[in-house]
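Hello,

Here is the structure I promised to pass on. Please look it over first, then read my notes below.

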Amino acid sequence: MLKTVLIDSSAVARGLLNTVLTDGGYDVCGQTHTSALGLALLVKHHPHFVCIAREQVEDGTNVVQTIRAQYPKTLIFMVSGGIDAASLQAALAMGVSGFIVKPFMADTVLKTVRNTVIAMVRKQQALAAAAQGNS
């Protein structure tokens, strides 16, 4: 079972996303309203992925860069009510793995997480095969 941490200042959004992910078979091992507490939860639980609200990503704390540096294999999903092309490009450049759009549609959220996880596993397998072929 894949573990996740939720970071969103909205308790309602955290609760809804928690329900969707838990019902979808994921282990929500922690949730919080600030980036700092979110990083503490990462240290404690070592989740496979993190769902972090856009306002947390853009609050100037460099939380995505910190997660990328300390947990390079952890997937990061940015949660937002909407996203424009410039914000999308900026988030991808920071290291965001995928996007979850509010309001949450359970099937869409679960499909997004599943497809991103599968894509990352395939990418890692291809890199491992290439590295082994070069040996």
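This is a predicted model: local features need pLDDT of at least 70, side-chain atom pairs count only at pLDDT 80 or more; totals for chains, interfaces and linings use all residues.

Residues are numbered from 1 along each chain as its sequence is written, and side-chain values use heavy atoms, with hydrogens and water left out.

How many salt bridges does a search of the whole structure find? There are 2. A salt bridge here is a side-chain nitrogen of Lys or Arg within 4 Å of a carboxyl oxygen of Asp or Glu.

One joins K102 and D8, at 3.3 Å from N to O. K102 sits in the loop between β5 (98-101) and α6 (106-133), and D8 in the loop between β1 (3-7) and α1 (11-23), so the pair ties together parts 94 residues apart in sequence. Helices (H or I, at least four residues) and strands (E, at least two) are DSSP runs, numbered from the N terminus. D8 is buried, at 5% relative accessible area. K102 is partly exposed, at 23%. Buried means under 20%, exposed over 50%, partly exposed in between (1.4 Å probe, protein chains only).

R54 and D84 form a salt bridge too, at 3.9 Å from N to O. R54 is in helix α3 (residues 54-57) and D84 in the loop between β4 (75-80) and α5 (85-94), 30 residues apart. R54 is buried, at 17%. D84 is partly exposed, at 41%.

UniProt, in an unreviewed entry, places "domain: Response regulatory" at residues 3-117. Its positions follow the numbering used here, feature names are shortened, and annotations may be inferred rather than shown by experiment. Over residues 3-117 the chain is 50% helix and 23% strand.

Best wishes
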